[in-house]
Amino acid sequence: MSPASTSPSPGRDPLVAVDDLHVEFPTNRGVVRAVTGVSFSLGRGETVGIVGESGSGKSATALALLGLHRGSARVHGSVRLDGQELVGASDGLLRSVRGGRAGMIFQDPLSALHPHYRVGDQIIEAYRTHRGGSKRAARRRAVELLEMVRIPRADRRVDDYPHQFSGGMRQRIMIAMALSCRPDLLVADEPTTALDVTTQAEVLGLLRDLQAELGMAIVLITHDLGVVGEMADQVVVMYAGRVVEQASVESIFSEPGHPYTWGLLGSLVSLDRPRPDRLLAIPGQPPSLVNPPTGCAFHPRCPHAETVGAACQHEIPLLLGTGAGGGTGPGLGNGGGRRVACHLPVERRAELRPAGIGTTSEEVGS
Amino acid sequence: MAGFLLRRILGMLIVLLCLLAVTFIIFYVFPANPARDICGKGCTAATVASIDRQLGLNKPLWAQFGQYVSGIFTGRRFGQGSHLVACNFPCFGYSYQDNLPVSTLILQRLPVTASIAVGAAILWLAGGVTIGAVAALKKNTWVDRVVTATSLVGLALPVFLVAIVLLFLLTAKLGVLPDPSYTSIFVNPGAFFTGMIQPWIALAMVYAAVYARFTRAKLIEAMGEQYITTARAKGLRERRTVVHHGLRSAITPVITILGMDFGGLLGGAVIVETVYGLPGIGQLFLQAVDKVDIPVVTGCTLLAGFFVIAANLIVDLVYASLDPRVRLA
């Protein structure tokens, strides 16, 4: 396995290449189209943030990356890890990837860890599944990993049970377990959502440090643009299972192109705006995935749908490059640059964008 | 932990004392006259009065109760003069019908009931959990539907019917098994198994159905947990995921009901013992009720109560050892 490169090479030989990914679940009420045509790619050491509300298909995308959909779920398209196709791959290959070349962590670390086993044993199990070796050696590795994620007195706490740790520590234990075999890719599904704010910063900081140290790529699923600003190089904004905007993190924050992204940015508390408008909500509810609205799925909630007219109700907008303002972020793939799926005329977007969102904003990632 | 045990055992004694008091009151209130039953035909008022005296039945209820309780710890004597009989510690009363202390009667029969209960429990636990696990993993397929339907039939079948059908088929028609009987496993293991297999199956059928349904529900619940996805995301084989992560959680509540059921069964498998004529606690109890042998009925009631409460305590201890989140306090 080649060592992680510190300078990612955009467009060329990405570590992860997702192309036209679809995930569907047949149900009694109809087919739920959880993910429709998601594509992105990222190189070693890079982070992509997948953002959206609940039900936008971001978690379904995360599970599909490791082939973790089961039962009646149908997955099409392509997920390549270092050139190796994972969609439709054999169980054996997928098992060797999961926990080996690609680790995963979840939203709620308390329910993601088995309550009946010691944390050390759970880490040892993950390690030995791929690397084998003696229990003693694996245990030493487990202590090392717990030290790596900054669990104090790791040599003793390795024998504790999950309920004996705080929420932040549990998530760090999950990270230790996911990284036990030094994966090239870490899929983090809402890793900080269940944690309180101070703990969130701690876990994100740890993830960033470990990424710098180990050179892994991170797919970060979140509904929180603040987390994205903190962590991501590029951003995929999802709505009703589709990508509505995809760009580098800088251009998402400086020149967001989609009204939904404006809404997401508006729902971050901003002191730049006068008081009643500091915290803005997107009106309405996320749409049904069985019967999504016709045309642009966002049109019932979009304040600008009338500006465009009938197209919003009848035509699904294509995800198109907007040319100017294309992000500087690496590895956007498929031509690079920023892409937006919206019927609004490109030249009118800047003018329609609510005041306080975009270029004047200070939330751009550190 | 020591404090927990001490408190639980103390609580257990109090519950048993209450049980004993209720049993006493019931027999006092009931229009039973044990002395008359004992002295039989040609009974005179004088004989009845003398038997009453011998048994201590002429004393007030609370005094009888006190005598009974103190007899458990110190032993006691029944009758007077040449009719004096000793009932040594721990004395749970004396059966005049059988002319033996109740504890002796119970100890004679306990191995039979214990053998029935242990064998049946092993059968239904192994069968029920396996069947339930298969149904859970094949959820909503024809396998699951067949298992669910069959277990419903198993639930609906009364034990006595299964027992009689087994007896008719296996012993009377096919002749593959001898008439069920109890032989000590230490004397003749072969005869022990062939003699006990029918009562085991008859009992296990109903329980296995219950356990299959319960295991199915619990395993489906466990397999939906996030930690199962974690296990798969670690790259574990599906088999290991199911057994080590799913079943490990699902089995805990199953063990709980196993303790309750097993404890209840030790108090006497009345129907099975009666159908197959096995000399266990259940049969002893039934005969004692029939003959109004009050000391035996009281002893059996206490024993059944003891097993149920003890099973509860053991379940709590086992549960705490299975689930590290449970703290005994």
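Reader: Which residues touch the most other members of the largest nonpolar core?
Author: This is a predicted model: local features need pLDDT of at least 70, side-chain atom pairs count only at pLDDT 80 or more, and totals for chains, interfaces and linings use all residues. Residues are numbered from 1 along each chain as its sequence is written, chains are lettered from A in the order in which they are written, and side-chain values use heavy atoms, without hydrogens and water. A nonpolar core joins buried (under 20% relative accessible area, 1.4 Å probe, protein chains only) Ala, Val, Leu, Ile, Met, Phe, Trp, Tyr and Cys residues through side-chain atoms within 4.5 Å. Of 78 residues in the largest one, those with the most such contacts are Phe40(A), Ile175(A) and Val219(A).

Reader: Which helix gives the largest share of this core?
Author: Helices are DSSP runs of H or I, at least four residues, numbered from the N terminus. Seven core residues come from one helix of chain A, residues 167-178. That helix is H7.

Reader: Which cysteines form a disulfide?
Author: A disulfide is a pair of cysteine sulfur atoms within 2.5 Å. The structure holds one over all chains. Its sulfur atoms are 2.1 Å apart, and they belong to Cys87(B) and Cys91(B).

Reader: Is Cys87(B) buried or exposed?
Author: Its relative accessible area is 1%. Therefore Cys87(B) counts as buried.

Terms used: Buried means under 20% relative accessible area, exposed over 50%, partly exposed in between (1.4 Å probe, protein chains only). Helices (H or I, at least four residues) and strands (E, at least two) are DSSP runs, numbered from the N terminus.
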